[in-house]
Amino acid sequence: NARVTYALEALSSRTPTTVYLYWGEIDAAGHRYGVGSDEWLQQLEELNSALKRLAERAPAWAALFVTADHGMVNVPEHQRIDYSGVEELTRNIAMTAGEPRAVHLYLEDTSEAARTATAQRWAQYWGERAWVIDSRELMRAGYFGPVITDAARGRIGDLMVCARDDWALYDMRHYQEHALHMVGQHGSLTDAERLVPLRMLKTF
């Protein structure tokens, strides 16, 4: 694989360097076919072979680490829900954004009373299927990092709706129909999506 070749060339220099090698095929297979599918496992085997080659040929002094930017859950077709036609959910919503498992809600009326009423409607409607959280709580808890710039703060929704278990919530006014066919998804707060291992590989 060319990426491994380029990484080895970069590591062959005696100049201290950090080499970042991204393997996106696993993510793509997971989205389309699901985690654990034959297609996903094939890509995992491809990555395993590439990492073995990298570890065998990298300089002995190099440190090789393997991790991922997120985990993924499989969402059954009947649990990919379009809520765009539900009046009690669209009331006081100026815009939605984010992902089906991490929906940002931007409110028309951001007063405390309206914010609370909107959050309560969403929480009551989804019940155990989602967490409905005021984004200010997530900011205080550090979910958006230790420092939030004004530009970033302006892009974060007033409320966050994070899907639990294997649900996905769609505002189909903003998606193409094929989005409903996505099997593997991520973005929410479950352990499967957030807790990603970091492995160190031995060079030979």
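Start with the open sheet: four strands in the order 4-5-7-6, with antiparallel pairing. Helices (H or I, at least four residues) and strands (E, at least two) are DSSP runs, numbered from the N terminus, and two strands pair if DSSP finds at least two bridges between them. Now select strand 4 (93-99) and strand 6 (130-134): these are the edges, and each has a single partner strand, so one side of each lacks a neighbour in the sheet. From one strand to the next, the twist averages 20°; axes are lines fitted to C-alpha atoms, and angles run from 0 to 180 degrees between N-to-C directions.

A word on what you're viewing: this is a predicted model, where local features need pLDDT of at least 70 and side-chain atom pairs count only at pLDDT 80 or more, while totals for chains, interfaces and linings use all residues. Residues are numbered from 1 along each chain as its sequence is written, and side-chain values use heavy atoms, leaving out hydrogens and water.

Next, pick strand 5 (residues 102-107) and strand 7 (residues 159-163), an antiparallel pair joined by four bridges. Click A102, and look for its bridge partner C162 in strand 7.

Now for the largest nonpolar core, which has 16 residues; select L54, A58 and L64, the ones touching the most other members. Such a core is a set of buried Ala, Val, Leu, Ile, Met, Phe, Trp, Tyr and Cys residues joined through side-chain atoms within 4.5 Å, with buried meaning under 20% relative accessible area (1.4 Å probe, protein chains only). Helix 3 gives the largest share, six residues.

Last stop: a second, separate core of 13 residues, including Y83, V103, A130 and L159.

How values were computed
Buried means under 20% relative accessible area, exposed over 50%, partly exposed in between (1.4 Å probe, protein chains only).
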